[in-house]
Amino acid sequence: MEKLIITAALTGAEVTREQQPNLPITPDEIADAAFECAKAGAAIVHVHGRYDDGTPTQDKEVYRQIITKVRERCDVIVQVSTGGAVGMTAQERLAPVTLKPEMATLSMGSVNFGNDVFMNHPDDMDIFATTMKDLGVKIEYEVFDTGMITTVNRWLKKGLITAPLHVDFVLGIPGAMAGTPEALMYMRSQLPADASWTVAGIGAAQLPLATMAIILGGHVRVGFEDNVYYRKGELANSNAQLVERVARISREHDRAVATPDEARKILGMPA
Ligand code: KMH
Ligand code: ZN
């Protein structure tokens, strides 16, 4: 089986220091967390910008600092968020892509997101996809519900997006698809044969879905953006602790963990 690509979703836009005291917020903290996660086995870090007071931002300068500081520490693939936070404009959200990061996310539809609505107008999605393609940024398609994987397939057929696809199933957001084994099996069944996939289980779904992905030949995303706990009632000490556990489980299943360069190869990205 192909080596396992672990993504560490370090910060997100919603989690607070009150919920997770060790949440990395500043570019320096994010770079330290990225370094620790890379050491633990992460090949990709999914990053969100925050101002120093914790407010989410898509400010290009904040992202520039994050990318530069991570680069100074290690060779991990930096994947910028274009989801940002609920309520941001599409233009704001796209700003970090103009820095030509190696990778960026692209949410494939609108969805209820807790008590909010995460809006992704098809026209904006099209602009995001075209911009990323023009700038040579590898896209990770974020799929929160079943209609979104249908959209991925429809857009592929229409030529709006091109293979090889890499899809992230984000399962367990209140308002979107459940974080259950059945949901993951359905999502996987809808993928084009040559696509790669990863799964981000939210909260208590993180560990069981990660374990499934290891066994099924998918890839795994863990980290504070999706889950702040190590186990029920016990906060994780760090993002790296969550990465380490997945790397360990994968090795126990005789599935080796990919380095950033191996991940680039698996995903069809330039070395
Ligand atoms: N913060 C969420 C509303 C992404 O990073 O691409 C969207 C999100 C998706 O986090
Ligand atoms: Zn995100």
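1. Buried here means under 20% relative accessible area, exposed means over 50%, and partly exposed is whatever falls in between (1.4 Å probe, protein chains only). With that in hand, Asp 254 is exposed, because its relative accessible area is 74%. Asp 254 is also one to look at for its backbone: phi is near 60 degrees, a positive value in a residue other than glycine. Asp 254 is found in the loop between H8 and helix H9 (260-266); helices (H or I, at least four residues) and strands (E, at least two) are DSSP runs numbered from the N terminus.

2. Some housekeeping. This is a predicted model, in which local features need pLDDT of at least 70 and side-chain atom pairs count only at pLDDT 80 or more, while totals for chains, interfaces and linings use all residues. Residues are numbered from 1 along each chain as its sequence is written, chains are lettered from A and ligands numbered from 1 in the order written, and side-chain values use heavy atoms, leaving out hydrogens and water.

3. Lys 100 counts as exposed because its relative accessible area is 55%.

4. Now the ligand. Which residues come nearest to ligand 1? Glu 14, Ser 81, Gly 84, Thr 105 and Glu 225 do, out of 13 residues around it (near means a heavy atom within 4 Å). By type, the shell divides into four nonpolar, six polar and three charged residues. For that count, Ala, Val, Leu, Ile, Met, Phe, Trp, Tyr, Cys and Pro are nonpolar, Asp, Glu, Lys and Arg charged, and the others, Gly among them, polar.

5. Where does ligand 1 sit? Ligand 1 is in the largest pocket, where sitting there needs more than half of its atoms within 2 Å of the grid points. A pocket is an open set of points on a 1 Å grid over the protein atoms alone, where a 1.4 Å probe fits, with protein on both sides within 12 Å along at least five of seven lines.

6. Glu 225 turns up again in a side-chain pairing. Arg 221 and Glu 225 are joined by a polar contact of 3.5 Å between side chains, and the side chain of Arg 221 makes another with that of Asp 168, at 3.4 Å. A polar contact is a pair of N or O atoms within 3.5 Å; within protein, one must be able to donate a hydrogen and the other to accept it, and residues adjacent in sequence count only if both atoms are side-chain atoms. Arg 221 lies in strand S12 (residues 219-222), and its relative accessible area is 3%, so it is buried.

7. Gln 241 belongs to helix H8 (residues 239-252). Is Gln 241 buried or exposed? Gln 241 is buried, because its relative accessibility is 18%. A polar atom of the Gln 241 side chain lies 2.6 Å from the backbone nitrogen of Asn 237.

8. Check the cis bond too: the peptide joining Ala 163 and Pro 164 has omega of about 0 degrees. Pro 164 is in the loop between helix H5 (146-158) and strand S10 (166-171).

9. Lastly, a few buried positions with C-alpha distances. Pro 27, in helix H1 (residues 27-40), is buried at 8% and lies 28 Å from Ala 205, 178 residues apart along the chain. Phe 118, in strand S8 (residues 116-118), is buried at 6%, and Leu 10, 108 residues apart from Phe 118 along the chain, is 20 Å away. Glu 142, in strand S9 (residues 138-143), is buried at 4%; Glu 142 and Asp 126 are 16 residues apart in sequence and 14 Å apart in space.

How values were computed
1 Å grid on protein atoms, 1.4 Å probe; cavity = no way out; pocket = protein on both sides within 12 Å on 5 of 7 lines; lining within 4 Å.
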